[in-house]
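Subject: Structure handover

Dear colleague,

Please find the structure below. My notes on it follow.

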Amino acid sequence: MPDRLSALDASFLYLEDHTTPMHVGGVAVFRRPRSGFEYDHVLSMIDRRLAMVPRYRQKVRQLPGKLARPVWVDDQDFDITYHVRRSALPKPGKDEQLHELVARLMSRKLDPERPLWELYLVEGLSRSRVAVITKTHQAMVDGIGALDIGQVIFDRSTSPERQEVEDLWMPRPEPSPAQLVLEAVTEAVQRPGEVVENARSAVGDVAATVRKVTGALGGLASAVRAAAVPTPGGPLNGPTSTQRRFAVSRAKLDDFRAVRQSHGGTVNDVVLAVVAGALRNWLLSRGEVVSGSTTLRAMVPVSVRGADSGGGDEVSGADGNRVAAYLVDLPVGEPSPVLRLHHISHALRAHAESGRSVAAEALVGVSGFAPPTLHALGARVANGFSDRLFNVLVTNVPGPQVPLYAAGAKMTEMFPVVPLAKNQSLAIGVTSYDGGVYFGLNGDRDAMSDVDVLAAMIGESVEEMIGTVDG
């Protein structure tokens with residue numbers, strides 16, 4: 001039998017259009033070692049490790065007449081040099097130039113005729129740095145059979161610890177159209193309900209596809225019912241264009257912990273309070289009307305501990321990670337940073353106590369801990385919601401608090417790039433790594449011409465929160 005895409009994975013292909021490409025990305029910045037960080041070395045390392053993620057050598061094959069969901073087939077002409085590319089910034093290689101490159105790369109859809117991923121080695125960055133930009137389609141990242149490529153290229157030391165076996169990969173013959181039709185008919189006889197769903201998808205019934213996403217996510221429907229009140233309007237919701245802007249912000253994890261210790265809540269609560277403070281200032285800078293009751297609704301998929309882990313706000317690298325999805329009204333009208341934090345902490349506790357979260361079991365089982373993969377899962381959750389239910393997506397995934405390396409180079413920063421949902425103008429990805437907290441802001445190019453201003457206001461909001469800490 002063919003390796004057929006699940007209903008959820010296929011839905012991301014159906015939902016994708018020229019304004020909303022369905023890939024998740026990441027930007028990792030490395031310090032170039034004395035031995036160099038050469039393209040050929042990186043290419044060879046990735047080539048050896050593709051055996052860990054077989055999906056990365058497969059492409060999607062549609063069935064004639066879309067009689068059934070697409071299937072994964074080995075790419076007979078797989079060319080790793082197409083997927084692992086080399087780029088360079090013009091001098092002086094500023095961070096702003098890197099961010100513009102990220103925005104342009106993330107604006108382009110992946111080639112549907114090839115395996116749905118790309119990786120760029122970006123040279124020419126100032127201060128002897130190099131960057132790696134990854135793009136992976138959400139149809140690939142299910143957390144079980146396929147993970148984000150970032151999970152397999154990192155090591156915990158300059159000397160790789162992974163057991164790399166000799167990979168003598170030979171592509172399996174691609175099934176003929178007649179074989180695919182025969183297998184689809186056989187499956188349809190066994191599961192006749194699939195025929196109706198596939199027919200709807202074939203004629204572009206996106207509403208049916210969204211229902212398919214919601215059903216596949218299991219417990220998500222209860223969260224939708226809990227958020228039946230329409231989202232507040234504002235500049236973050238509108239027609240999505242084809243192009244993006246990207247900006248970043250940085251902070252220290254110890255500062256977030258100090259705020260948590262002083263005022264209670266969790267590190268994730270503090271992250272959301274910081275985002276709320278930045279959005280408040282951003283709205284005011286745009287001349288928007290902000291009253292004491294003004295809110296913006298955030299879709300917040302976060303990684304949390306299992307119920308038997310003893311609680312806490314940070315996720316270790318052990319098995320049993322969860323993804324919880326919340327819809328939280330950010331109190332951007334509240335001028336006090338401490339009260340904003342208390343409002344958010346109360347709202348998140350209410351969600352958890354009322355069972356409005358969606359644990360990872362309702363999404364997918366995740367083995368180990370991989371921030372890029374969990375950001376992708378968060379984006380998958382968001383695309384199962386109506387665009388009328390939230391204003392902004394904020395994914396917060398705690399990362400490893402030890403240095404990571406790729407091909408012997410130490411990673412100094414890691415910024416997630418979370419895709420925009422339909423009619424959304426901003427998605428914020430947050431990752432903590434080795435003592436730092438890194439914000440990646442992916443914005444619609446037309447609606448968010450000032451995304452860099454918002455990124456700077458995140459830093460100001462952090463300083464405002466630090467100023468409330470006693471002692």
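Which residue in strand 14 does Pro398 stand opposite? Pro398 stands opposite Ser432.

Before the rest, some conventions. This is a predicted model, in which local features need pLDDT of at least 70 and side-chain atom pairs count only at pLDDT 80 or more, while totals for chains, interfaces and linings use all residues. Residues are numbered from 1 along each chain as its sequence is written, and side-chain values use heavy atoms, with hydrogens and water left out.

Overall
The protein chain has 14 helices and 15 strands; these are DSSP runs numbered from the N terminus (helices H or I, at least four residues; strands E, at least two). Of its 471 residues, 55% count as buried, where buried means under 20% relative accessible area, exposed over 50% and partly exposed in between (1.4 Å probe, protein chains only). Among contacts in the protein chain with a separation of 6 or more, 79% are between residues 24 or more positions apart; a contact means heavy atoms within 4.5 Å.

Strands
Strand 11 (residues 392-398), which holds Pro398, is mostly covered, with seven of its seven residues buried. Val392, Val394, Asn396 and Pro398 point one way from the strand, Leu393, Thr395 and Val397 point the other way, and all are buried. Strand 11 runs parallel to strand 14 (residues 426-433), and six bridges join the two. Two strands count as paired if DSSP finds at least two bridges between them.

There is also an open sheet of three strands, in the order 1-4-3, with antiparallel pairing. Its edge strands are strand 1 (3-4) and strand 3 (58-61), each pairing on one side only. Strand 1 and strand 4 (residues 71-74) are joined by two bridges, and Asp3 has Trp72 as its bridge partner in strand 4.

Aromatic rings
Rings of Phe, Tyr and Trp (its six-membered ring) pair if their centres lie within 6.5 Å; planes under 30 degrees apart count as stacked, over 60 as edge-to-face and the rest as tilted. By this rule there are five aromatic pairs. One of them is Phe415 with Tyr438, edge-to-face at 5.3 Å centre to centre and 85 degrees between the planes. Phe415 lies in strand 13 (residues 409-417) and Tyr438 in strand 15 (residues 436-444), so the pair ties together parts 23 residues apart in sequence. Both Phe415 and Tyr438 are buried. Elsewhere, Phe30, Phe37 and Phe154 form one aromatic cluster.

The ring of Tyr82 has the charged end of Arg85 over it, 4.4 Å from the ring centre, and that of Arg114, 3.9 Å from the centre. A charge sits over a ring if NZ of Lys or CZ of Arg is within 6 Å of the ring centre and within 35 degrees of the ring normal.

Helix packing
Helix 10 (residues 253-263) and helix 11 (residues 267-285) pack at an angle of about 100 degrees, with their axes 9 Å apart. That makes helix 10 roughly perpendicular to helix 11 (angles under 35 degrees count as roughly parallel, over 145 as roughly antiparallel, 65 to 115 as roughly perpendicular and the rest as oblique). Axes are lines fitted to C-alpha atoms, for helices over the stretch in contact, and angles run from 0 to 180 degrees between N-to-C directions. Residues making the contact include Phe256 and Val259 of helix 10 and Val270 and Val274 of helix 11.

Arg286
Arg286 is in the loop between helix 11 and strand 9 (296-304). Arg286 is partly exposed, with a relative accessible area of 31%. Not counting residues up to four places away in sequence, Arg286 touches Pro235, Ala447, Met448, Ser449 and Asp450. The C-alpha atoms of Arg286 and Asp450 are separated by 9.5 Å, and the two residues are 164 apart along the chain.

Regards
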